Amino acid sequence: MRRLCDPADARRLLNPGPVGIITTAWRGNVNAAPVAWMTPLSIDPPRIGAAIAPERHTAAMIRFSGAFAINIPGPALLKHTAFLGSLSGLETNKLEAAGLETFRPLLIDAPLIEGCLAWIECLVEDAIKIGDHTLFVADPVKVQADDEAYAGRWLLQSREKSPLTYIGGRHYAVIGDLLEAAVTVDEHGALVTETPEEREARLEREAREAELRRLEGDEGYRQRLQRES
């Protein structure tokens, strides 16, 4: 069955990607806000983009300072991330209210958040109005990452060291289940979607799942999956 969705659902379908907590600094004031709409824009030179509603305090801080930092949290900062999106930095020092510690950046002024998995310091190259948002095009001038979380790619070796993603409303998820695509073709050059070894492994996995469902029932099986996740 295919479900026809509203065009606005396109943004949800393109998430999840790592959610970022954008930090900014301007004339002694600092701010932090979660942003899910971020994307790579160019490899050479490296450029990334962050789409932010222009009326947001974060957008004003970026325009004034010409810089921002992207802090990528893991699940340990789930509640902090949601909290930072629930109030405006115009009235509150959100970093203090969230109880988050920071450390000094390497190049820009915006503080970096302790406990995150990666940090990207950005200088703004351009600001482009797109619909009801502004796309800030940025040069990632300094990039750091937790070496237990990232080494040329997200390692996903533990839940705690995997990036938090935003999927809409109050709901977040954690990236997991690292998959390696070993592509095999037949003698005609067509894709082989399942090797004999993969088929055997799949059948064994399905047999185990069926036995657990038989022993625990569907509800017990779902609860087991939730505990193991």
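Seven strands, in the order β2-β1-β5-β8-β9-β4-β3, make up an open sheet with antiparallel pairing. Strands here are DSSP runs of E with at least two residues, helices are runs of H or I with at least four, and both are numbered from the N terminus. Two strands count as paired if DSSP finds at least two bridges between them. β2 (29-35) and β3 (38-42) stand at the edges with a single partner strand each, so one side of each has no neighbour in the sheet. On average, neighbouring strands of this sheet are turned by 35 degrees against each other, direction ignored. Axes are lines fitted to C-alpha atoms, for helices over the stretch in contact, and angles between N-to-C directions run from 0 to 180 degrees.

This is a predicted model, in which local features need pLDDT of at least 70, side-chain atom pairs count only at pLDDT 80 or more, and totals for chains, interfaces and linings use all residues. Residues are numbered from 1 along each chain as its sequence is written, and side-chain values use heavy atoms, with hydrogens and water left out.

Helix α2 (residues 57-65) lies across β1 (20-26), β2, β4, β5 (67-72), β8 (118-130) and β9 (133-145), at about 50 degrees to β1. Thr58, Ala59, Ala60, Met61 and Ile62 of α2 are buried, where buried means under 20% relative accessible area, exposed over 50%, and partly exposed in between (1.4 Å probe, protein chains only). The cover over the buried residues of α2 includes β1, β2, β4, β5, β8 and β9; contact means heavy atoms within 4.5 Å. After α2 comes Gly66, with a positive phi near 75 degrees.

The cysteines can be taken next. A search of the whole structure finds zero disulfides, a disulfide being a pair of cysteine sulfur atoms within 2.5 Å. For Cys116 the closest cysteine sulfur is that of Cys122, 14 Å away, which is too far for a bond. Cys116 counts as buried because its relative accessibility is 3%, and Cys122 counts as buried because its value is 0%.

The structure also holds four aromatic pairs. Rings of Phe, Tyr and Trp (its six-membered ring) pair if their centres lie within 6.5 Å; planes under 30 degrees apart are stacked, over 60 edge-to-face, and the rest tilted. One of these pairs, Tyr150 with Trp154, is edge-to-face, with 5.7 Å centre to centre and 80 degrees between the planes. Tyr150 is partly exposed, at 34% relative accessibility.

Arg104 is in the loop between β6 (102-103) and β7 (112-113). At 73% relative accessibility, Arg104 counts as exposed. Arg104 and Tyr150 are 46 residues apart along the chain, and their C-alpha atoms are separated by 21 Å.

For the protein chain as a whole, there are five helices and 13 strands. The C-alpha trace spans about 60 × 45 × 40 Å along its principal axes. Of the 229 residues, 34% count as buried. Among contacts between residues at least 6 apart in sequence, 56% join residues at least 24 apart. The chain exposes about 14900 Å², of which carbon and sulfur atoms supply 52%; accessible areas come from the Shrake-Rupley method with a 1.4 Å probe, and for residues only the protein chains shown count as cover.
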